[in-house]
Amino acid sequence: MENLYLPKIAMIDKISQETPDVKMFTIKYKDPKDEFHYQAGQFFMVSVFGFGEAPISITSSPTRKGFVELAVKNAGSLTAELHKMRPGAEIGLRGPYGNGFPLKDLKGFDLLFVGGGIGLAPLRSLINQAIDEKSNYGRIMILYGARTHADMVFKTEVSQTWRKAAEVITTVDMGENLCDGNVGLVTTLLPKVKIDVKKTKTIVCGPPVMIPFVLSDLSKMGLADTDIISTLERHMKCGVCKCNHCNIGPKYVCLDGPVFTYAEMKLMTREF
Amino acid sequence: MGQVCAIETKAITKDNIRPWLAAMLEETKVIAPEESHGDILYEFIDSAEEAFLDHYEVPPWMSIKRFFFPQMDTILKYKKGPAGIIVEPAVSELKRVIFGVRACDHTALTFCDKWYTADGLKDVYYLKRRENSTIINLACNKPGKNCFCVYADSGPFAKTNFDVQLVDFGDEYLVEIGSPKGRAITGGRYAALFKPAPQNAEEKRFELLLESKGQFKTFVDQSTVTDKLKKDEVPDILWENMAKRCQNCGGCSYVCPCCICFNVVDKQISEHEGYRIRTWDNCTFAGYTLMAGGHNPRGKQKDRFMRRYYHKLFYEFDKFGERGCVGCGRCTTTCPGKIDMARIARSILMRGA
Ligand SMILES: Cc1cc2nc3c(=O)[nH]c(=O)nc-3n(C[C@H](O)[C@H](O)[C@H](O)COP(=O)(O)OP(=O)(O)OC[C@H]3O[C@@H](n4cnc5c(N)ncnc54)[C@H](O)[C@@H]3O)c2cc1C
Ligand code: SF4
Ligand code: SF4
Ligand code: FES
């Protein structure tokens, strides 16, 4: 019987400081025979031995092989410890878990990404996959909001690389936006893109406070609830639907999610 | 009566129970009811004399859950050495017999089996312990004052899935054997302790079952409660009022044989070495859903309290066709706020229309 809770040892290969409190870790399995197989939108349970496990979204694209990238915000005990680690340090990985983004349903459509803060991390996986497989999709549009310019993650991609293949607009809540000047909440970017609602699917990810506003604005723009896709975050302890922590009504975010359509989310009337 | 799933029946005199336990102890670990400061608890016994075989008010204070899903269970050990981190799983291989298990706890175990194998995801820690256990049930002739297994369809006699079930016939027990494990613990070197079942065993068993069913004092109509939850017919104010009385002690879920939530934490024993432990958790705790950054989707006590009942009586019922409550009544005995399953169900039925 396979042991669901046994992590595989992996090694931090590279680290980049994305923002004052977000680092991106490039990770490889220690045993070169182990390979990464995942879909955009899935997550790993990351072990920092002595500090426990935390769910972290995969931010690399499955089209780029041999490693996985995780962008982690220093938010508590485990993530603080991870931030202290250096290349060569060992961690554990279980997964990938979760349903991932519904690629089949996205094929042939224009893609509108709306990200807030570190919520751009799971979107980045799909953005880079869509760019690498551009012929499968129509336009790629990326709206990204961060608290301040310093809090923007993946700056090189946001300000340069993605702009070669996608339409990118950014905003900051406060201060100066050195990227493209916009200041205001991410919802203020929505009127700036002209979309064909019949041909567009949107994928939204951000902090819990942002999600409801963006989803309702997208609805008002005429997008169908089934064409609005988002991810939900819950406290997780197992990732394999055994610990019971991540339920929303009868649904489990670790197994049935974390990706849900707005139509599915509207049916989740019970938080308990 | 026809639905009893024994593949074979025998009998054993009460005088032969201790010799039977003693014979088991020669080859395996044995867990049996033991008296401890006036309470009856299941414990590992070292000699047959330690087992408490007289009548006691059922159910024993703690269920047998902890022998399958311990309150604290080391699941992994890790060591950081010159060659890097080595992780070793710690799966218990201990073989044991559990003697004197009541139908409620036994049904709860078959319910937990469903949870720990659900969605094709098998929990090796639980399932290994299951595989390594032989369970000897003891049917209840006299239910306790808070018991309502008969309304939860889980007792007072187990109907299926048992290894062995003993039914108290006075000087002897009827021995119902329900599985190959049950055959092994009553055959071979143990066979001489048993005799054929008495002639009138079926009638006598049936009479005892009826007699037992007639003694229940706590009535809980779970299926009507489930219907009301499904139809959203329980007013919020009722939940508010009940939830206000919750002390957040966690007692209800710790004593509950069907509560399976867990937390996972690492414990360092040195800079280089440590354990990963899973512990019981309780969905009524505020920290249960608290996320880094302070967002708590179930920040309100009412929502957490509702979750406990929706999960047990609605979601689990939809998923498995069984409710996460077998009617053992332990939460009634435990809850300092007097907001246990039986009382909640009664309040919902009386006022929740
Ligand atoms: C599906 C999913 C994907 C995620 N992806 C990312 C990501 O790509 N980058 C990132 O920086 N963060 C991500 N998070 C959030 C991240 O898991 C938490 O920030 C992290 O668990 C905090 O752990 P900690 O020990 O540092 O914090 P502490 O506050 O010390 O946490 C204590 C414990 O609570 C649990 N916990 C706390 N917050 C959360 C939370 N938000 N979600 C789940 N469990 C929590 C953890 O299990 C942790 O062991 C994701 C969360 C989920 C559910
Ligand atoms: S036993 Fe009662 S008071 Fe304690 S957590 Fe459970 S419901 Fe609340
Ligand atoms: S909810 Fe209460 S009565 Fe039901 S099985 Fe659990 S402890 Fe027993
Ligand atoms: S994380 Fe444990 S059930 Fe979803």
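Which residue is the bridge partner of B:Ala11 in β9(B)? The partner is B:Leu174. In β10(B), B:Ala11 has B:Lys195 as its bridge partner.

This is a predicted model, in which local features need pLDDT of at least 70, side-chain atom pairs count only at pLDDT 80 or more, and totals for chains, interfaces and linings use all residues. Residues are numbered from 1 along each chain as its sequence is written, chains are lettered from A and ligands numbered from 1 in the order in which they are written, and side-chain values use heavy atoms, without hydrogens and water.

Strands are DSSP runs (E, at least two residues) numbered from the N terminus, and two of them pair if DSSP finds at least two bridges between them. The pairings of β1(B), residues 8–13, are as follows.

| Partner of β1(B) | Residues | Bridges | Direction |
|---|---|---|---|
| β9(B) | residues 172–177 | 6 bridges | antiparallel |
| β10(B) | residues 195–196 | 2 bridges | antiparallel |

An automatic or database assignment sets the domain bounds. Chain B is divided into domain 1 (8–70 + 94–213) and domain 2 (222–260 + 283–350). Their contact (heavy atoms within 4.5 Å) takes 25 residues from domain 1 of chain B and 26 residues from domain 2 of chain B. The C-alpha centres of these two domains lie 29 Å apart.

Ligand 3 is surrounded by residues with a heavy atom within 4 Å of it, among them B:Phe148, B:Cys256, B:Cys325 and B:Met341. By class, the shell around ligand 3 has 8 nonpolar (Ala, Val, Leu, Ile, Met, Phe, Trp, Tyr, Cys and Pro), 2 polar (the others, Gly among them) and no charged (Asp, Glu, Lys and Arg) residues.

Definitions and conventions:
Helices (H or I, at least four residues) and strands (E, at least two) are DSSP runs, numbered from the N terminus.
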